[in-house]
Amino acid sequence: MGLLDLTGAQTVFWAASRYMQERGLPPYDRHTISLNGGLVSSAEGVALDTRTLADFSDADIHTIIVPGSPHIIEVLEESATLALWLRKRHVSVRRIASVCSGAFLLAQAGLLEGKRVATHWAMLDLLHARHPSIKVDGDAIFVQEGSIWTSAGVTAGIDLALALVEEDCGRDIAMKVARELVVYMKRSGGQSQFSALLQSQSGDASFDVLHQWVSNSLQMKDLTIDTLAAQVCMSPRNFARVYKQKTGRTPAKAVEIFRLEAARRLLEDSLHSVQEIANRCGFGDEERMRITFHRNLNVSPSEYRKRFSAK
């Protein structure tokens, strides 16, 4: 399995257990199990001690979480017994969840037929090809379909675990865990919506320094082609042509996306007014920011804050 697939969710439940005990609630009783027990090596080379499935044949299990693997196809070839165990256990547990490509194991167990599911973005087509009846959601961080939960790649297991904690213990404890782990309680976009800075770095590296400068200079209202071209010592006309060729978007659109992302973060994590955020991110006024949000996200800044604010 992928190490973070397993330990990300485990850490969330461990942290939540401490807050639960502070309130006199029983903590999560956590176990890591495998087919035969003993040491199991992660893809990264770290071995984890596990207990065997047989130890839990009569256990009253509340939640099962199946981690993924970067070698999931090889895993599937050796997991018929595990898939059968998951299928049988499904009828008696409250919920079963998968992290990343762990969805393939749930699919092998026949638990995802006709359901909408999430998995790692690089494996969307493969999951659909192997199981055409599954509705693969390429943009979701995690998906709940009844008692079945599936999540996107790797760190999305943390998002999933936080949602499970919120369902069990309420928003307050889930928020305390999110703050302790320094993660978002609820990420605002799907896994296809990478950060603007990350997206800009995913192709040609020619403008990496410029992008970093832009992300640190958003309060400037005159981030024009002339200003950007001067930063990279190019003529405005040549800069506009080369930038579009290498990044696939115009300089003006790039600046808009950087401003939008910064505003989203402030709406989620701060108590600044919408007007102040518009000023901090270089929109100039609230109306211009509202138009940008509607054009790109189809919601207003105020609606966005109501939905995603951690405050």
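This is a predicted model: local features need pLDDT of at least 70, side-chain atom pairs count only at pLDDT 80 or more; totals for chains, interfaces and linings use all residues.
Colleague: Which ring does the charged end of Arg18 sit over?
Modeller: The charged end of Arg18 sits over the ring of Trp14, 4.6 Å from its centre. The ring of Tyr19 has that charged end over it too, at 5.7 Å from its centre. To count, NZ of Lys or CZ of Arg must be within 6 Å of the ring centre and within 35 degrees of the ring normal.

Colleague: Okay! How far apart are the end C-alpha atoms of helix H1?
Modeller: They are 29 Å apart, which agrees with the 28 Å that the 20 residues of H1 (residues 3–22) should span at 1.5 Å a residue. The expected span is 1.5 Å times one less than the number of residues. Helices (H or I, at least four residues) and strands (E, at least two) are DSSP runs, numbered from the N terminus.

Colleague: Which residues of H1 are buried?
Modeller: Among them are Leu6, Val12, Phe13, Tyr19 and Met20. Buried means under 20% relative accessible area, exposed over 50%, and partly exposed in between (1.4 Å probe, protein chains only).

Colleague: And what do they pack against?
Modeller: Strands E3 (47–52) and E4 (63–66), plus helices H6 (156–169) and H7 (171–181). Contact here means heavy atoms within 4.5 Å.

Colleague: E4 is a strand, then. In what order do the strands of its sheet come?
Modeller: Four strands make an open sheet, ordered E4-E5-E9-E8, with mixed pairing. E4 and E8 each have a single partner strand, so one side of each is left without a neighbour in the sheet. On average, neighbouring strands are turned by 15° against each other, direction ignored. Axes are lines fitted to C-alpha atoms, for helices over the stretch in contact, and angles run from 0 to 180 degrees between N-to-C directions.

Colleague: Which strands run parallel and which antiparallel?
Modeller: E4 and E5 run parallel, joined by four bridges. E5 (residues 95–98) and E9 also pair in the parallel sense, over three bridges. E8 (residues 142–145) and E9 (residues 148–151) run antiparallel, with four bridges. Two strands pair if DSSP finds at least two bridges between them.

Colleague: New topic! How many aromatic pairs are there?
Modeller: The whole structure has six. One of them is Phe207 with Tyr243, which is tilted, at 5.0 Å centre to centre and 50° between the planes. Rings of Phe, Tyr and Trp (its six-membered ring) pair if their centres lie within 6.5 Å; planes under 30 degrees apart count as stacked, over 60 as edge-to-face and the rest as tilted.

Colleague: Are those two buried or exposed?
Modeller: Phe207 and Tyr243 are both buried. Ring pairs also link them with Phe239 into a cluster.

Colleague: Why is the pair of Phe293 and Tyr304 edge-to-face?
Modeller: Because the planes of Phe293 and Tyr304 are at 75°, with the ring centres 5.8 Å apart. The pair links distant parts of the chain, helix H14 (residues 286–297) and helix H15 (residues 301–308).

Note on methods
Residues are numbered from 1 along each chain as its sequence is written. Side-chain values use heavy atoms; hydrogens and water are left out.
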